[in-house]
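Reader: I am new to this structure and would be grateful for a guided introduction to its fold.

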Amino acid sequence: MSKIIPTGAVLGADITEIDLHSRDASDTVLAALHHHLVVRIRGADIDDLAFTRFASRFGQLEGSPAFSRSRPNYIPDAPLITVVSNVKENGVPIGEHGDGELNWHTDLGFMETPSGYTFLLARQVPPTGGDTRFCNMYNAYEQLDASTKQAIATLRIKHQKSHTAQGIPRPGFKDISTIDPRELPGPLHPIVRTHPHTGRQALYLGRRFGAYIPGLSLEDSERLLDGLWARCGGEGNTWAQKWQVGDMIIWDNRATMHRREQFVGAGLRRMHRLTTLGEKPT
Ligand code: OGA
Ligand code: MN
């Protein structure tokens, strides 16, 4: 029988004694995910094909969009896996995101239909650095005062598409010269979304850089967004994953954001990543 052990923080739980190759493993994980928002399975003994099969039970796997990736293929035998790594072979990066910090974001929020769940499996980790921190977006919403809740109830936010979580233009958008949030491309999503499975309301923000609330002046939009972001990542609303090889972390992008600490000079890190297609946020 598998065991679910909450981290004791505002989100996150370990699942132990689970056989990832069994048919009902995904039911156990999904129930825990909806309750704890982030799930960790340590010592995941699983190859890339079985990893793909496991994740596919949570929804349609989507791969990274062509415009946001640096190469067409990462692992020929498991083409839906994205490699997130600072490893280079013959001077060429084998994956995405290098060793820098990744600011708070939710995955593929810059698409009309963003990611549902993300799976990150650690194949190689540096001795220090590169922690991934998560925040609880149900709490971030519930703890707003009544007037702020009312003010944002019908507002939408632009999840800009052209720049990464580090503010760097994506491969397909290198010729965009503006960084005016009003002008940058990207879909609009409701700031408050209702989780399709739990029915709970959560704040839904993407990347702070380039975000904008249409209908507000740029100044008012910036002030409101700064206030919301400060809450999300504020004290008591986060939990950090310190990676070990074999850790599989699964998160629900509808109810969390995440950020990654830089690990410049700390060593090599290689993560295998899968995501499921979610639904249009409402
Ligand atoms: C991602 C991501 C964080 C990390 O793959 O979507 O944000 O710790 N990764 O590498
Ligand atoms: Mn991410």
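Reader: Across which elements does helix α1 lie, and at about what angle does it run to β3?

Author: This is a predicted model, in which local features need pLDDT of at least 70, side-chain atom pairs count only at pLDDT 80 or more, and totals for chains, interfaces and linings use all residues. Residues are numbered from 1 along each chain as its sequence is written, and side-chain values use heavy atoms, with hydrogens and water left out. Helices (H or I, at least four residues) and strands (E, at least two) are DSSP runs numbered from the N terminus, contact means heavy atoms within 4.5 Å, and angles run from 0 to 180 degrees between N-to-C directions of axes fitted to C-alpha atoms, for helices over the stretch in contact. Helix α1 (residues 25-36) lies across β1, β2, β3, β9 and β16, and its angle to β3 is about 135°.

Reader: Which are the edge strands of the open sheet of eight strands?

Author: The sheet has mixed pairing and the order β1-β2-β3-β16-β9-β18-β4-β7; two strands pair if DSSP finds at least two bridges between them. β1 joins β2 (residues 13-16) in the antiparallel sense over four bridges. Pairing on one side only marks the edge strands, β1 (3-6) and β7 (96-97).

Reader: Which residue in β2 is the bridge partner of Ile5?

Author: β1 spans residues 3-6 and pairs with β2 over four bridges. Within β2, the partner of Ile5 is Asp14.

Reader: To which strand does helix α2 run at about 30°?

Author: Helix α2 covers residues 48-56 and lies across β9, β16 and β18. The strand at that angle is β18 (270-277).

Definitions and conventions. Chains are lettered from A and ligands numbered from 1 in the order in which they are written.
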